[in-house]
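Me: I have a model open and would like to learn how to read it. Where do we start?

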Amino acid sequence: MQIQPSTQSPATLRFLAAISTGTIQLGFTLFKLNTGPLNESVRPVEHRRNYSFASSTVAVLRRQSFLIRALGGGIHHKVDSTTGSIMQETEADAVSIIRAITPTLDPTRHKGQAGRIAVIGGCREYTGAPYFAAISALKIGADLSHVFCTKDAAPIIKSYSPELIVHPVLEESYSVREEERKQVSVKVVAEVDKWMERFDCLVVGPGLGRDPFLLDCVSEIMKHARHSNVPIVVDGDALFLVTNNLDLVHGYPLAVLTPNVNEYKRLVQKVLKCEVDDADAHKQLSSLSKQIGGVTILRKGRSDLISDGDLVNSVSIYGSPRRCGGQGDILSGSVFLFVCASVAVFLSWAHRDSVAADRNPTILGCIAGSALLRKAVSLAFETRKRATLTTDIIECLGRR
């Protein structure tokens, strides 16, 4: 089906114009299965899109319209080899999406308008992860980056960089007596909550650990963030927490889960009661997202898959050939810690920017964050080869 330019809105035409000026080839693919009218019933009323279909034909047209608005591309059709069903494929330029949602460097702006990110994580065992996430947010372009960590971790994280605002407010079980836990928990949550309205996005999980008392406190922090409509990127040990308490994110469209291979496997087993099916990865990811109420999931891999239950996006540009015996560990391990920071920054920009007003900003933020990270990995590998470390990739964030 060929969409004529004259049928597109001014916003779509502007977006198509931006794509046409790009110098890099189309970078990600968006898939949509023909599975009937979109199911928005699982989402809170204030976040539902108002879809009304008179017939299945109208449903298809509306889906196509949404794809065009979201990504400004032409629609092609192909047959799913495993199911025989028709799959819609729309390609667009990830770089143009980054350009569309990244705020300009305007001298009239003041500190904080380009993004204020908070990382919830960091304990006595893990101090590198929250640092990587927080410093990456600044490197990408956020104005302010906070870290809420345990008292043991704070001096170490502070020593890594003076640019970070470190709050030593979290507590672990060993430092709190049983009879004081409720009182301390209330105090910890209150310390974070008083900052909540200032943040554009929360990154929960880097270096968090699995201390039961600490996880209980973080659960309450996530509930407060959700009540305040603050976007949440869930990573690392917070995914362990969410897997065992899906109500923390269920039905919250501003939540993004960023699982690695093992974390994704646990999610699939918990939610879908089956094993990971790489042969039908797109459909399984879409089903997983739907079962969690339309939460956006970014699954890392050779191609990064992103879905909100309605759409499945694949980001495959850039990356590195160093995959076996090294690069896989980097992508799913330490480097993955600042995938969440990259997504967090673009997520905050996409939700602010009027350019993304008629699109799903959560999806756009994930696409932009994934593409930027893959570009940084590619640049770092060009110079460092097998010696590539997380710090080398962070230094390449934002380079051409």
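Reply: Start with the word contact, which means heavy atoms within 4.5 Å. The model is predicted. With neighbours within four places in sequence left aside, alanine 137 is in contact with Ile117, Ala142, Ser145, Ala341 and Val345.

Me: Where does alanine 137 lie, and does it count as buried or exposed?

Reply: Buried means under 20% relative accessible area. Alanine 137 has 0% relative accessibility, so it counts as buried. The residue lies in helix H4, residues 128-140. Alanine 137 and cysteine 340 are 203 residues apart in sequence, with their C-alpha atoms 9.0 Å apart in space.

Me: What does the side chain of serine 307 reach?

Reply: For polar contacts, look for a pair of N or O atoms within 3.5 Å. The side chain of serine 307 reaches the backbone nitrogen of glycine 309 at 3.0 Å and the backbone oxygen of leucine 311 at 2.8 Å. Serine 307 lies in strand E11, residues 304-307, and counts as buried because its relative accessibility is 0%. Beyond four places in sequence, its contacts include Leu285, Val312 and Ile363.

Me: How is empty space found, and which residues lie nearest the centre of the largest pocket?

Reply: A probe the size of a water molecule is rolled over the atoms to show where empty space is left. The largest pocket holds about 450 Å³ of space. Its lining has 15 residues, with Val95, Ile98, Leu372, Gly398 and Arg399 nearest the centre. By class, the lining has nine nonpolar, two polar and four charged residues. Helices H3 (94-101), H12 (339-352) and H13 (361-384) each supply at least two residues of that lining.

Notes. Residues numbered from 1 in each chain as written. Predicted model: local features only at pLDDT ≥ 70, side-chain atom pairs only at ≥ 80, totals over all residues. Heavy atoms only, no water. Helix = DSSP H or I, 4+ residues; strand = E, 2+ residues; numbered from the N terminus. Buried < 20%, exposed > 50% of the residue type's maximum accessible area, 1.4 Å probe, protein only. Polar contact = N/O pair within 3.5 Å; in protein donor to acceptor, adjacent residues only side chain to side chain. 1 Å grid on protein atoms, 1.4 Å probe; cavity = no way out; pocket = protein on both sides within 12 Å on 5 of 7 lines; lining within 4 Å. Points joined across faces, edges and corners; volume = space filled by probe spheres on them. Nonpolar A, V, L, I, M, F, W, Y, C, P; charged D, E, K, R; others polar.
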